[in-house]
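The following note sets out points for a colleague reviewing the model shown here.

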Amino acid sequence: MCIKLSPTAQGNVTFHGLMNLSAHKWLTEWLRGLGRFTLLAAEAFRSLFAFKVTWRDLLYQMYFIGVKSQSVVLITGAFTGMVLAAQTYFQFHKVKMDTATLAVVGVSMCSELGPVLTGLMVAGRVGAAIAAEIGTMKVTEQIDALRTLATHPVDYLVVPRLLASHIVMPILTVEAIALGIGAGYVVGVQLLGIDPAYSWYNMLRYTATEDLVMGLIKAFIYGGIVAIIGCYKGMNCGEGAEGVGHATTEAVVYSSITILVTNFFLTLTLGKILHTL
Amino acid sequence: MIEVRDLKKSYGSNQVLNGVSFLIEKGESAVIIGRSGCGKSVLLKHMIGLLQPDAGRVLIAGEDITKMNERELIRVRQRFGMLFQGAALFDSLTVAENVAFAFRHNRSLAPGDVGRKVAEALEMVDLPGTEDKKASELSGGMKKRVGLARAIVYQPGIVLYDEPTTGLDPIVADSIDQLMMRVRDRLRVTTVVVTHDMRSARRVGQRILMLHDKKIYATGTPDEIFASADPVVRQFINGVSDSKDLNF
């Protein structure tokens, strides 16, 4: 197949040639982006140990990422626990396993739904905000101003956000898990009439400490993912309002996808490690 | 003090600087003029290591900064203060926090000393008592003054100004000129100003360098530049457009 380019192009270019060129360009850009991201992550990691974060910056970020995300995370956790309890009950009721409902809610909330949904909600709220704030700072030359004031942008902008996000994500996840299980219990026991004693007993029996540990490790990692992708997108955003808009959208999309993909591998890896200990 | 040797910079296929060379002595006040988009700000940003050249060198007190990484540049940048075109104040901070920003990690200074230095710097730019205002509450001229206070508060040896009077009314622009001269004379700093405001260039500069066609096209004292018979220089000074410039 042959296609003709505009009169300014020299000669004919095959369709495959054009596709190869686009693929090559896309791959080069993707690899460049990955390289920049790796360098930023490495610089942030180095800076975590070498640079003293001021308490004020860290506390402000913990307040912004943690305290201000609570309502979103708590609502998500509660309704997820309620829906999970109802759906599990509807299926288990058919095989007379009603009292195992809360056990499913407990395991799912601790190891999967708690950390993943908290991560996704924080990615939507905080990842976007970080990308927008840092992106705006970039387009208004505030990041250049930081550099002229002998301050490394990673030290001032990335490290406090990264550290705060690592700290508050497990806390938010624990809140989501607790509320999810509590709401699931209310739905199961009060609304659907499951025996409370057996439900509670089964939940404690089947929900292992490893499930909670797995959830907390995941939450810690997702906190890092949300913060570092938000910072990366902000620091590498394009010019003007359009650039900031793209950076914000991409921060949410990439954080969410990374959390979902990482979750699969973490489940496999942590499952093997924690259950063999 | 600042030496630029054969500097080249391109953005994609668009070459902005092609072999720019000059030397600015310690304590000198140099003004770089040129048409909008000719690469003046790009050149200024190379002098403080905010941009990396494609080729050429930038030497600050004999030290080549083009080979330095971001961490090494921090040490060199402690000699610099810079006023940005849009002031680039940190909008989440107050005026006092903006001006005191350079002291954030300087543990040797007591909070009282920092407060005194901030007050002195704001006094110097004629904005006393504005410490608690937010950047968003300030007018364009006030933002530039606060930006200038932030650039000089730690008494750097070199101050760079990127279009300091652009977008300001003539009276505020005049006050910014006065401030630049005050800073130059009181602190005896090396000054580099990028502007296309010829009135400002004449008053602030001891030497004018004209950037044209990706190179330093003309250099001389303000009197020499203003007396130049060169058609390109004359056209810029007189602000006369070509007929081809009207095709917009």
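1. The radius of gyration used here is taken over C-alpha atoms, and the globule rule is 2.2 Å times the number of residues to the power 0.38. For the 248 residues of chain B in this predicted model, that rule puts a compact globule near 18 Å; the value for chain B is 18 Å, so the two agree.

2. The C-alpha atoms of chain B occupy a box of roughly 55 × 40 × 35 Å along the principal axes. Chain B contains nine helices and 10 strands. Of its 248 residues, 42% are buried.

3. Considering contacts in chain B between residues at least 6 apart in sequence, 65% join residues at least 24 apart.

4. Helix H5 of chain B covers residues 140–152.

5. H5(B) is mostly covered, with 11 of its 13 residues buried. Among them are B:Lys143, B:Lys144, B:Arg145 and B:Arg150, as well as B:Met142, B:Val146, B:Leu148 and B:Ile152. The elements of chain B that cover these buried residues include strands S6 (80–83) and S7 (158–162), together with helices H3 (95–99), H4 (111–124) and H6 (170–187).

6. At the interface, 10 residues of chain A are in contact with 15 residues of chain B. The side of chain A that touches chain B comprises three nonpolar, four polar and three charged residues.

Definitions and conventions: Residues numbered from 1 in each chain as written. Chains lettered and ligands numbered in written order. Predicted model: local features only at pLDDT ≥ 70, side-chain atom pairs only at ≥ 80, totals over all residues. Contact = placed C-beta atoms within 7 Å. Nonpolar A, V, L, I, M, F, W, Y, C, P; charged D, E, K, R; others polar. Helix = DSSP H or I, 4+ residues; strand = E, 2+ residues; numbered from the N terminus. Expected span 1.5 Å × (residues − 1). Buried ≥ 20, exposed ≤ 12 C-beta atoms within 10 Å, placed from the backbone.
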